[in-house]
Amino acid sequence: GCRMSTLVKHTGIAALALLLAGPLLLLGETWFMGRAALQQALPISVLAAVFFATMLLEQYALRYLRRAKDGKGVTGFYLLSKMLRLLLAIAMLLAYALAIRTNIVLFAVNLFVCYIITVVLSSIFCVKGEQKGKTTIQ
């Protein structure tokens, strides 16, 4: 019961942060770059969706490890997921640079913002999860 609501809360916070980031990024970039920045609307949406999906998978996997494996492997998985998220970010940047070739800097900024949002949130959630795990006897 309690765990699921935590998962829902965490994914809700992540979704909200990414949803707010998109329009704010577009607004700021349009302010600086003019209408050309609006071409980033779709890439930003894709980035937000991909990062949200990775975060959701990570939260589910951590929840599973805490329950099924008695917390074993949580730290290892956490570090692995951080590395995979970074590799995914690099891969998306390269794919964009090779396929689209315009506004690469804008895309990189958007990518970086989505990346930072999910890294920060997943760190907070992971620490909170660890604290909960230590305080409750299973």
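Where is asparagine 103 found? Asparagine 103 sits in the loop between helix 3 and helix 4. This is a predicted model, in which local features need pLDDT of at least 70, side-chain atom pairs count only at pLDDT 80 or more, and totals for chains, interfaces and linings use all residues. Residues are numbered from 1 along each chain as its sequence is written, and side-chain values use heavy atoms, with hydrogens and water left out.

**The overall fold**

- The protein chain has 4 helices and 0 strands; helices (H or I, at least four residues) and strands (E, at least two) are DSSP runs, numbered from the N terminus.
- Reading from the N terminus, the order of elements is α-α-α-α.
- Along the principal axes, the C-alpha atoms of the chain fill a box of roughly 55 × 25 × 15 Å.
- Of the 138 residues in the chain, 35% are buried; buried means under 20% relative accessible area, exposed over 50%, and partly exposed in between, using a 1.4 Å probe and protein chains only.
- Among contacts with a separation of 6 or more, 73% join residues 24 or more positions apart; a contact means heavy atoms within 4.5 Å.

- Helix 2 has 28 residues and reaches 40 Å from its first C-alpha to its last, close to the 40 Å expected at 1.5 Å a residue; the expected span is 1.5 Å times one less than the number of residues.
- Buried residues of helix 2 include Ile44, Leu47, Ala48 and Phe51, and the charged-type names Glu58, Arg63 and Arg66 are also on that buried list.
- Helix 3 (residues 74-99) has 26 residues that should span 38 Å, and its end C-alpha atoms are 36 Å apart, which agrees.
- In helix 3, the buried residues are Val74, Tyr78, Ser81, Lys82, Arg85, Ala89, Met92 and Tyr96.
- An α-helix has 3.6 residues a turn, so residues three or four places apart point the same way.

**Residues with positive phi**

- Most residues other than glycine have a negative phi.
- Aspartate 70, which follows helix 2, has a positive phi near 60°.
- Arginine 101 follows helix 3 and has a positive phi near 65°; this arginine lies in the loop between helix 3 and helix 4.
- Arginine 101 counts as exposed because its relative accessible area is 63%.
- Asparagine 103 is not a glycine, yet its phi is positive, at about 55°.

- Asparagine 110 belongs to helix 4 (residues 104-135).
- With a relative accessible area of 0%, asparagine 110 is buried.
- Leaving out residues up to four places away in sequence, asparagine 110 touches Leu25, Glu29, Gln40, Ile44 and Leu47.

**The largest pocket**

- The largest pocket has a volume of about 180 Å³. On a 1 Å grid over the protein atoms alone, a pocket is an open set of points with protein on both sides within 12 Å along at least five of seven lines, where a 1.4 Å probe fits; lining residues have an atom within 4 Å of a point. Grid points are joined across faces, edges and corners, and the volume is the space filled by probe spheres set on the points.
- Residues lining this pocket include Leu18, Gly22, Pro23, Ile44, Ser45 and Phe52.
- Helix 1 (2-33) and helix 2 (41-68) are the elements that give two or more residues to this lining.
- The lining divides into 10 nonpolar, 2 polar and no charged residues; Ala, Val, Leu, Ile, Met, Phe, Trp, Tyr, Cys and Pro count as nonpolar, Asp, Glu, Lys and Arg as charged, and the others, Gly among them, as polar.
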